Amino acid sequence: MARLLIVGGFLAAIFWVYSIVDCAVQPSTRHRGVRKAVWVAIVVLIPVIGGILWFVIGRRRANDPGDAIRIVGPDDDPKFLRTISKSEQDARIRRLEEELARLEDETDDGPAPEPRP
């Protein structure tokens, strides 16, 4: 019986430390309910139950819809790409290629500077 209590206490201590570290290193956007500092206080002050509450209630999973909105550039947005016609896409590509060629010409004008030691 004593061994069971020792092993149980050891496992509870490991879970408690793991819960504290996990709660502390998560970005603030991954905390549900209250602020990050409050969650850390809950986990520290209520050892095992606080950790269970953190993992069940407080920790937002990676696939949970959150407050963070992912901003997508127009080149990566399929809706935007469907709205522009093929000729507009070709004209945009030509403009970008011309700009890239112009930038390459500007950098190729002079000899490359020697690296400083």
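This is a predicted model: local features need pLDDT of at least 70, side-chain atom pairs count only at pLDDT 80 or more; totals for chains, interfaces and linings use all residues.
**The whole chain**

Begin with the protein chain coloured by secondary structure, where you will find 5 helices and 0 strands, so that the order of elements from the N terminus reads α-α-α-α-α. If you then colour by burial, the buried residues make up 12% of the 117 residues in the chain.

**Helix H1**

Select residues 2-25, which form helix H1. The 24 residues of H1 should span 34 Å at 1.5 Å a residue, and the end C-alpha atoms lie 35 Å apart, which agrees with that expectation.

Now centre on Ser-19, which has its place in helix H1 and counts as buried because its relative accessibility is 0%. Setting aside residues up to four places away in sequence, Ser-19 touches Val-43, Gly-51, Trp-54 and Phe-55.

Move on to Gln-26, which lies in the loop between H1 and H2. Is Gln-26 buried or exposed? Its relative accessible area is 8%, under the 20% cut-off, and therefore Gln-26 is buried. Display the side chain of Asp-22 beside that of Gln-26, and a polar contact of 3.2 Å can be drawn between the two. Beyond its neighbours within four places in sequence, Gln-26 is in contact with His-31, Lys-36, Trp-54 and Arg-59.

**Where H2 meets H3**

Next select residues 36-45 for helix H2 and residues 47-58 for helix H3, whose axes come within 6 Å and cross at roughly 145°. On the H2 side of this meeting, show Trp-39, Ile-42, Val-43, Val-44 and Leu-45, and on the H3 side Pro-47, Gly-50, Gly-51, Leu-53, Trp-54, Ile-57 and Gly-58. Sorted by class, the contact of H2 with H3 has 9 nonpolar and 3 polar residues, and no charged ones.

**The two faces of H3**

Finally, keep H3 selected and look along its axis. Which residues of H3 are buried? They are Gly-50, Gly-51, Trp-54, Phe-55 and Gly-58, and because they cover an arc of only 130° around the axis, they lie on the same side of H3. An α-helix has 3.6 residues a turn, so residues three or four places apart point the same way. Among what covers the buried residues of H3 are H1 and H2. Turn the view to the face of H3 that points away from its buried side, and there you will find the exposed residues Ile-49 and Val-56.

Technical notes: Residues are numbered from 1 along each chain as its sequence is written. Side-chain values use heavy atoms; hydrogens and water are left out. Axes are lines fitted to C-alpha atoms, for helices over the stretch in contact, and angles run from 0 to 180 degrees between N-to-C directions. Helices (H or I, at least four residues) and strands (E, at least two) are DSSP runs, numbered from the N terminus. Contact means heavy atoms within 4.5 Å. Ala, Val, Leu, Ile, Met, Phe, Trp, Tyr, Cys and Pro count as nonpolar, Asp, Glu, Lys and Arg as charged, and the others, Gly among them, as polar. Buried means under 20% relative accessible area, exposed over 50%, partly exposed in between (1.4 Å probe, protein chains only). A polar contact is a pair of N or O atoms within 3.5 Å; within protein, one must be able to donate a hydrogen and the other to accept it, and residues adjacent in sequence count only if both atoms are side-chain atoms. The arc is that of the directions from the helix axis to the C-beta atoms. The expected span of a helix is 1.5 Å times one less than its number of residues.
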